[in-house]
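Reader: I am new to this structure and would like to learn how to read it feature by feature. Could we look at it together?

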Amino acid sequence: MDQTANQAAFKAETMMAARLNKVPFSGIRKVLDAVTALQAKGVDVIKWQIGRPDFDTPEHIKRAAAEALLRGEVHYAPNLGIPSLRKAIGERTTLDTGIAVDGMKQVSVMAGANEGILVAMMAFVNPGDEVLVADPNWHHYKSIASLVGGVAVEVPTTEKDGFVLVPDEVERRITARTKMLCITSPGNPTGTAQTHESVKEFARIAIKNNLVVLADEIYARIWYGPGATAPSIYSLPGMAERTIIINGFTKTYAMDGWRLGWTVASEENTRALLKVRQYTTVCVNTFAQAGATVALTADQKCVDDMVAEFRRRRDIMLAGLRSIPGITVSEPLGAFYVFPNISSFGMSSADMSDYLIEKHAIATVAGSVFGAAGEGHLRMAYSCSTDECQRGIARLKTALEALKK
Ligand SMILES: Cc1ncc(COP(=O)(O)O)c(C=O)c1O
């Protein structure tokens, strides 16, 4: 007898959860695929597309993880992370923010900052709650908010303001449903950082309206401004109880493939995060956490060296872009992105990005991928050698001159 006679055909698109219709595939994938195809043909691509350091993870960190693996640290870790790492993260956060953090009670080690964002939103965002996010911005906040049933409310920023979130614009969008304010400083795709004055204003707004603040500080130490790190909202009075810091090893220590990040929050909020995280990744890879502990506790010269190299590349990119007629670009204070305005060439950012990769093998990401306010711009990640930055600028000049003809 035919066992399938009475069974309906399985159609994936009708079976998938409705929430999937609310999120797109990442617009960056298209560029990554194009780069892979060109490289397979042996084409020399200028790789300005990727938001991760090109450096190898420093040797001493890799060795510590390898030794832990060989010692047999291969079993489940505590949900919140191994004690030595939580303690080290607590101490690092105290150093960076000036606020005493008890790593054993306030830190959760996550499988990348991205898991921290997912867990935080699952723990604090109810269906229908509004989450304020800057536009343009790293698109994950918006999509994760939608996946957990929340509503992302975009706050446009402008080139005139250097793409910083403006407190008045945030305040104007607050409703009875606003639950969370996301602040990414320094930001992706712009490299822009919030000032001390603006974070003070956000603290006032968050307290007045009883908001949770998700402070993504993953680029805080890749910082070219005054002081050791970008200003943190966590440092301000009344904010430790309502802020969840998102941070990680990906950018600062060139450890993106390790998938290691963290949250810092009050003890009570950390318990809420723990409740969710027990059911997401349970815990992070144990021997990788041993390597990460050494990343934070050993000499930080490797970080200083990487940041100094990023600064050299930023200066090359800025000077190079500013020498090209028709381009304007503001100075990024952190991260490893520049976000030039290419609107004078009369093409959309998506068309310009396609033109550059297809005709000149220059990989960039269209500003529109990061939100409507990013239109007219390209994100260029200078996570490639100074030589590649220089060759890229020369090639870009030729590509844009060809357009003017
Ligand atoms: C602002 C921001 N936060 C978080 C992440 C993700 O970090 P992780 O690799 O730790 O998940 C990125 C990666 O591009 C980012 O730009």
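Reader: Which residue stands opposite Ala-215 in E6?

Author: Before the case itself, keep in mind that this is a predicted model. As a general idea, strands of a sheet pair through backbone hydrogen bonds, either parallel or antiparallel. Here the residue that stands opposite Ala-215 in E6 is Ile-183, and strand E5 (residues 178-184) pairs with E6 in the parallel sense, over five bridges.

Reader: Which way do the residues of E6 point?

Author: In a regular strand the side chains alternate between the two faces of the sheet. In this case Val-212, Leu-214 and Asp-216 point one way from E6, while Val-213 and Ala-215 point the other way. Both groups are buried, and strand E6 (residues 212-216) is accordingly described as mostly covered, with five of its five residues buried.

Reader: In what order do the strands of the open sheet with E9 lie, and is their pairing parallel or antiparallel?

Author: Three strands make up that open sheet, arranged as E9-E12-E11 with antiparallel pairing. The edge strands are E9 and strand E11 (365-366), each of which pairs on one side only. Between E9 and strand E12 (residues 378-381) there are two bridges, and Tyr-337 has Ala-381 in E12 as its bridge partner.

Reader: How many helices and strands does the protein have, taken as a whole?

Author: The secondary structure comes to 14 helices and 12 strands. The radius of gyration is 22 Å, close to the 22 Å that the globule rule gives for 405 residues, so the protein is as compact as a globular protein of that length. Along the principal axes, the C-alpha atoms fill a box of roughly 70 × 60 × 55 Å. Of the 405 residues, 48% count as buried, and among contacts with a separation of 6 or more, 72% join residues 24 or more positions apart.

Reader: Which domains does the assignment give, and what are their bounds?

Author: The assignment gives domain 1 (17-56 + 302-404) and domain 2 (59-297), and their C-alpha centres lie 25 Å apart. The contact takes 33 residues from domain 1 and 35 residues from domain 2. On the side of domain 1 that touches domain 2, helix H12 (301-322) and strand E9 (337-338) each supply at least two residues, and the largest share, six residues, comes from H12. By class, that side of domain 1 has 18 nonpolar, eight polar and seven charged residues.

Reader: Is Asn-79 buried, exposed or partly exposed, and why?

Author: Asn-79 counts as partly exposed because it has 18 C-beta neighbours inside 10 Å, whereas a buried residue would need 20 or more. The place of Asn-79 is in the loop between helix H3 (59-71) and helix H4 (83-97). Leaving aside neighbours within four places in sequence, Asn-79 is in contact with Leu-274, Arg-277, Gln-278, Val-282 and Cys-283. By contrast, Val-155 is 76 residues from Asn-79 along the chain, and the C-alpha atoms of the two are separated by 35 Å.

Reader: Which residues come nearest to the ligand?

Author: There are 13 residues around the ligand, and those that come nearest are Gly-112, Ala-113, Asn-114, Gly-248 and Thr-250. Sorted by class, the shell around the ligand divides into three nonpolar, eight polar and two charged residues.

Conventions:
Residues numbered from 1 in each chain as written. Predicted model: local features only at pLDDT ≥ 70, side-chain atom pairs only at ≥ 80, totals over all residues. Helix = DSSP H or I, 4+ residues; strand = E, 2+ residues; numbered from the N terminus. Rg over C-alpha atoms; globule rule 2.2 N^0.38 Å. Buried ≥ 20, exposed ≤ 12 C-beta atoms within 10 Å, placed from the backbone. Contact = placed C-beta atoms within 7 Å. Near = placed C-beta within 6 Å. Nonpolar A, V, L, I, M, F, W, Y, C, P; charged D, E, K, R; others polar. Domains from an automatic or database assignment. Pairing = 2+ DSSP bridges.
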